[in-house]
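Okay everyone, thanks for coming. Let me put the sequence and the model up, and then I'll talk you through it.

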Amino acid sequence: MRAQTLLAEPGTYRICTPEGVNLSFQVATVGDRASAFLLDLAIIVLTTLAIGLLAILSGGETGIAFTLVASFLLFNFYFSFFELRWSGMTYGKRQLGLRVIARDGGSLSADMILARNLMRDLEFYLPLTALAAPETLIPQGRGWGVLVGLGWIFVFALMPFFGKYRLRCGDLIAGTMVVREPKTLLLSDLTLERPIGQEEDQTESQEFVFSTQQLNLYGIYELQILEDLFRRHGEGQASKELLNTVCEKIKKKIEWPRSKWNVDTLRFLRSFYKAQRAHLEKKLLFGERKEQKSSKQSP
Amino acid sequence: MNLSAKDLHQLPVLYRSAVSSLSVARAISLDKNLLDYLEGLVSRAYLLVYSNKRPPKEVIAEFLASRFPITVFFYWKFVAFASGLLTLGFLCGFVLTLNDPERYVSFVPSEVAQGHSPASSTESLKRQLYSENEPADGLTLFASFLFTHNAKIGILCFSLGFAAGLPVVVLLFYNGLILGAMTALYYSRGLGAEFLAWVMGHGVTELAALFFCGAAGLVLGNALMFPGQYTRSTSLALHGRKVVPMVIGAVLMFFVAAVFEGYFRQLVNVVAIRWLVAGGTLFFWVWYFAWVGRKHTSDAGSNLTS
């Protein structure tokens, strides 16, 4: 039963820390990564241009020699340098809230960072050359041969579009991946929350009483959907109608007596959430975890 | 981002307690918001606690003293294979060009030939091997061009290994072919030994670096094609990061080679000294990789053989 909850949701990646705790990270989207890359690329190109301009102004061949070496270092080691310094982030990744992590859950080593960034040659600079000047890569060839060769080159550039973890060639050979930087935001507990402008309502808990049978119908998944609904309602993202629909469904499901059918939606849902959570948490303490409504009851 | 020493001291302790809070919460609470918050907190702390920060000086010293030679020593079979490929190309180029000098033109690209062809006179070929003194300014530009050009090819050689290693084989063989064809041209004019002295002063270092990059590419290709007991992605990830010191080391060697080629070759015109430098560098690299590499491999019990 427990293993089921540890399955990663789509779009997330689960690692096991050395302490034996599972953490899930959100896989960065291709769009975010492309934007981060373009930001970094802009920095590289502008810096190179600035150095080159200075070299030309100062005159002399030493300046040009310096520009050559500097542009080589920038194009090949800019990413490695910052990912080493900022543990897995470059300027662009910082702006987009992305970070490189090791896929095995261990620490991100210098070798991994270097390995993933040395591959940029194959993934970006080579396809770029292929676009701009294909004849430098495949000098003498027939049309179709050139086409196949170039197609092959583009497979490497487009790698992140395949596979659910959006790995590029560099991530594949280094054992890394790019995730969203985790955010932390603690909201108040719903069971302690009171509707605004209302004193603590003792009657609420007595107003609706749910039997064990009724509480046995739903599982954790439904409980957390309900929690999500409350929070979205609080932020004004879920309409009152939606709450009403949900309320009707719950009442039907748990066979709420027809005589008491007309209830205040919010108050009803809130007390149902409280009762349901208390019930499920109690069962959890006894080692019984009911994932969702279809889950079988253990004897 | 910057933590004070006191905060840093507390970080692991706080991290541990957050981890255990998360474990407890997962066992008893169903408040999704609380669970998400704790998980986010632990994830952020995890990234900090397990980031790998060491003083650069220490890393560089360790790299030169042991990691680079150990890696080369560990993958010596691939290095041998890469050098074998280039030697094969060299022999083919040499024999073919000797039999028909016109083939020189088809083997050697024009930018490498620098205007020399089988039609050039022996005099002009000889002149290329002995340069008049040039201003030092031009030499620096020449050396930095050589370094960036060669290092780029080296890195490309490594990354092409991802394409199943096939392009690496072609690249190594073709470079051998060029070298063989050039040697054949000079050999046919009785300048063979002088040509090799001219090339090998820096060539020993440069070729070794090229072998390493090629070998690293072959390691990638091998990991992809023949993953053995692992899945392909695990095998790639395992070997990719393991072989990286070899590529970084090779880039440094390209730098050394460019200094030799850019300054030494242009400034020293005595054949005997050129041979001496070639022999000296060869001896140094063999000692460095075979002896230092082997010593550290047996010392450490090798963390590479995992």
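First, the housekeeping. Residues are numbered from 1 along each chain as its sequence is written, and chains are lettered from A and ligands numbered from 1 in the order in which they are written. This is a predicted model, so local features need pLDDT of at least 70 and side-chain atom pairs count only at pLDDT 80 or more, while totals for chains, interfaces and linings use all residues.

The model scores ipTM 0.86 and pTM 0.82. pLDDT, by the way, is the predictor's confidence in each residue, from 0 to 100. For chain B the mean pLDDT is 86, with 94% of its residues at 70 or more. Helix α4 (residues 76-99) of chain B has the highest confidence, at 93, and helix α6 (residues 110-113) of chain B the lowest, at a mean of 72. Over residues 302-306 of chain B, pLDDT is below 50.

So what is chain B made of? Twelve helices and zero strands. Those are DSSP runs numbered from the N terminus: H or I of at least four residues for helices, E of at least two for strands. Its radius of gyration, taken over C-alpha atoms, is 26 Å, well over the 19 Å from the globule rule for 306 residues, so chain B is more spread out than a compact globule. That rule is 2.2 Å times the number of residues to the power 0.38. The C-alpha trace of chain B spans about 90 × 40 × 35 Å along its principal axes.

Now, where the chains meet: 50 residues of chain B are in contact with 52 residues of chain A, contact being C-beta atoms, placed from the backbone, within 7 Å. On the chain B side, α1 (5-28), α2 (32-49), α8 (136-160) and α11 (232-267) each supply at least two residues. α8(B) gives the most, with 15 residues.

Last stop, helix α6 (residues 120-132) of chain A. These 13 residues reach 17 Å from first C-alpha to last, close to the 18 Å expected, which is 1.5 Å times one less than the number of residues. There's a kink of about 25 degrees at Leu126(A), shortly before the proline Pro127(A); the bend is the angle between axes fitted to the seven residues ending there and the seven starting there.

Definitions and conventions:
Contact = placed C-beta atoms within 7 Å.
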